Amino acid sequence: MKKFLSVGVMTVLLVAACYFSHKGIRLSEEVRIPGLLRILSPSHGLWQNYDDEYFTKSESISLSGPNSEIRVYFDDRKVPHIFADTDEDVLFAQGYIVASQRLWQMDFLSRVAEGTLSEVFGKPTLKNDLMMRKYGLKYGAEQAIKDWEKNDHRDKLYISYENGINAYINRVLNNTEELPYEFKLANYKPRLWNAYLTALVSKYMAFTLCRRHEDIAATNTRELLGDSLYQHLFLKKDQNQIPVIREHSGEAFQAKRSKPADAEYRGYLKEMTVLKQQDKGIGSNNWAISGSMSKTGSPILANDPHLGLSLPSIWFENHIHTPSMNAYGVTIPGIPGMPIGFNDDIAFGSTNVGQDVLDLFTINWTNKEEGKYKVNGQERTAEMYEEVIKIRNKPDLTYKQYITEYGPIMYESRSDGADLAVHWLAHLPLNPNEISVFFNILKCKDYDCYKRETGKFSAPAQNFIFASNNGDIGIRINGKLPIKYENEGRFVKNGNQIENKWSEFIPRTANPQTLNPSLGFVSSANQITIDSFGLNFNGGFENYRGRRINNLLEKSTKKLDHQDMMDFQQDAFSIKASEMLPVLLKNLKRDTLDAFQKELLTTLENWDYVYNAESQAPPLFESWSQLFQSFVWDEMHNDSISYMKPSIWRTLELIDLEPSHTLFDHLETEKIEDAIDNINLSFGQLTTAYRSKESKNWKERNRVSINHLLNIPGYSKYELDVNGCGDALNAVKGGFGPSWRMVVELGENPKAWAIYPGGQSGNPLSKYYDNMIDDWAKGEYYELSFKDEDYFKSNHLFSRTILPDNE
């Protein structure tokens with residue numbers, strides 16, 4: 001009866017799910033619901049997915065591919081501990097096990113990147129497919145494959161991983177009752193896995209982390225304000241910022257790219273719908289302290305990448321062991337190895353750099369139908385092909401795609417203006433060895449090895465952090481960094497001369513890095529990379545989290561342990577609020593406030609700037625802050641033109657140094673307002689709004705949710721009780737937050753603690769689907785089982801022995 005009710009409720013929820021979303025992208029119509037007879041079939045329907053019967057009992061299986069026996073032990077959280085005799089076999093097993101738990105997720109992410117969701121889900125996903133085709137991830141994956149095919153080493157290692165995935169896919173294709181739940185709901189089957197699909201997943205991570213581009217908005221804003229005022233508002237540096245690299249130990253380097261004449265487009269770019277930008281809150285924290293700062297006398301490393309939170313989770317936890325490695329960490333389903341984790345000798349992790357590596361160029365067609373345009377006075381012909389989007393139960397959508405010397409056309413003008421081509425690092429041929437980076441690092445025992453192997457990584461640029469048993473700690477900005485002139489890429493560039501396009505990168509040996517700095521720690525939180533360096537850094541950098549972790553570590557007066565690292569990861573203090581609210585309060589005129597306004601004021605004055613889920617002060621401050629900014633920057637709001645707004649720290653500087661600046665004046669009023677007027681006007685509007693509604697706490701305002709990738713309500717977790725905000729170390733904001741929290745104490749026998757908001761299984765009907773979310777929300781961690789095989793032989797939930805099938 002319980003099984004019947006579960007399937008019945010799930011079916012009703014599916015029918016009710018009239019929108020489909022990947023991180024909240026709404027559909028224009030309801031997803032087609034499969035027939036009830038098929039999905040309720042006792043032999044092949046959803047009954048077979050109700051529990052993990054196959055994956056909760058021990059057994060031996062014979063598979064074609066491995067060279068010798070592979071032993072896999074699952075612990076009480078369903079984390080696999082894989083023991084194999086060779087690299088090829090352990091990768092085969094990793095592929096097989098990851099697919100057995102996350103196959104539909106792998107297929108879904110590859111289709112998101114490829115822009116082929118509509119082939120399966122129909123018209124409701126068409127807008128999403130069109131956006132992804134415009135970003136050109138399919139094109140980028142095809143370019144990557146051309147490079148990967150040059151790498152002979154990939155043939156042995158990656159193909160073993162691919163074969164493991166396909167061994168499981170063939171199993172479920174031959175036993176359709178074992179098909180993952182969502183395949184049955186949508187009535188389709190998985191594709192066999194290959195390097196192209198891995199490249200799509202990799203390009204999706206580039207899309208997530210380095211697609212930021214404000215070129216159109218910046219170009220329009222400069223046109224609105226003029227060069228001088230734009231520079232005054234946007235091109236100054238926050239003097240309070242603390243960079244990632246405070247003691248550079250890499251090679252000296254001086255960039256030698258000068259700005260070409262007439263490089264940047266001048267004028268408004270109207271009627272261009274800017275594609276979905278990189279989500280606010282995307283980022284991460286990491287830090288490592290030396291033995292001199294730790295209670296154990298050995299380094300401690302902490303990492304918590306902030307990404308979109310989803311079910312299934314972006315991460316899959318695993319432990320792999322061969323005679324040449326013993327490593328534990330998380331993998332991205334579909335990509336071999338582990339980008340974040342530890343082994344017997346080292347710990348490692350990453351955060352996003354935020355460097356701008358996506359530039360837009362105007363293309364002035366002489367004959368668009370024939371793909372003709374001019375560069376350096378000569379007519380060129382763009383590569384043209386028919387882009388076909390298959391739409392389930394509908395005719396195909398076909399349109400013409402152009403590839404110029406700069407890259408694909410990303411924006412098409414809706415009037416007589418120029419189209420915009422995109423020059424993006426994610427599209428370029430990169431390192432043919434890149435696919436094996438996150439596997440090879442698992443064998444490293446020291447910094448030289450880790451630096452050498454991660455030196456093959458290209459994009460998106462990451463702050464790779466490191467700590468080792470021999471006492472070393474270090475951090476390196478890793479990835480290809482284009483050589484640019486000052487502020488290159490901030491504005492749309494003219495495509496009339498090829499010299500406007502960057503094409504060279506700084507030598508990898510000169511990438512900013514530090515090893516064993518005198519500070520006794522290294523850290524990053526997506527802030528600016530370095531203060532003085534030959535490379536012009538331009539991008540989206542975080543202003544507050546980096547300062548907070550530097551302050552906590554630098555001002556600590558005691559020896560630190562793993563619990564202190566956990567406390568730092570849970571820290572919900574906001575430097576932004578601590579700097580902005582006092583300015584607002586100082587300039588608020590109190591003599592005319594009524595009792596209700598004074599009550600709100602008292603709430604704010606008593607606040608400690610901690611974003612506690614139950615506190616009423618954070619939503620009050622956020623509302624006031626947003627109202628104030630909308631009052632001040634009213635000039636930069638237009639429904640048909642994209643504009644930028646200055647940062648909060650710059651706005652606060654203007655209040656302090658130039659409170660009577662003309663920008664504080666409201667154009668639609670006769671009175672000439674100053675900064676103080678805006679503070680008081682926005683507080684008045686705030687209190688007016690609050691009089692008519694019940695006060696909310698931060699949990700009700702922030703609404704932290706973790707959605708199923710299809711947004712099916714019954715398989716999502718809503719309104720979690722979580723502290724933190726986007727600019728606190730515990731950067732939880734809506735559907736974004738710490739996707740994996742990890743702390744590693746190095747030593748003779750490394751110890752580690754970690755958690756992520758999800759579960760190992762991708763099956764919504766499994767108890768291992770979301771079993772870690774509540775503990776994650778409460779700030780708890782699990783001690784990781786980093787043991788030898790003898791331990792797991794007698795301490796496991798169930799096991800799987802994979803035998804080579806020699807027939």
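Is the link of Cys444 and Cys449 left-handed or right-handed? Let's take a closer look at this predicted model, one view at a time.

**View 1. The disulfide of Cys444 and Cys449.** Here a disulfide joins Cys444 to Cys449, with an S to S distance of 2.2 Å. The angle about the S-S bond is -65 degrees, and the link is left-handed. Both partners, Cys444 and Cys449, are buried. If you go looking for others, a search of the whole structure finds one disulfide.

**View 2. A look at Cys725.** This cysteine has a relative accessible area of 3%, so Cys725 is buried.

**View 3. An open sheet of three strands.** Follow the order β12-β13-β14 across this open sheet, and you will find that the pairing is antiparallel. Which are the edge strands? They are β12, residues 365-367, and β14, residues 378-381, and each of them pairs on one side only. From one strand to the next, the twist averages 45 degrees.

**View 4. Where β12 meets β13.** Zooming in on this pair, we see β12 joined by two bridges to β13, which spans residues 372-375. The strands β12 and β13 run antiparallel. What stands opposite Trp365? Look across to Tyr373 in β13, which faces Trp365 here.

Definitions and conventions. Residues numbered from 1 in each chain as written. Predicted model: local features only at pLDDT ≥ 70, side-chain atom pairs only at ≥ 80, totals over all residues. Heavy atoms only, no water. Disulfide = S-S within 2.5 Å. Buried < 20%, exposed > 50% of the residue type's maximum accessible area, 1.4 Å probe, protein only. Pairing = 2+ DSSP bridges. Helix = DSSP H or I, 4+ residues; strand = E, 2+ residues; numbered from the N terminus. Axes fitted to C-alpha atoms, helices over the stretch in contact; angles between N-to-C directions.
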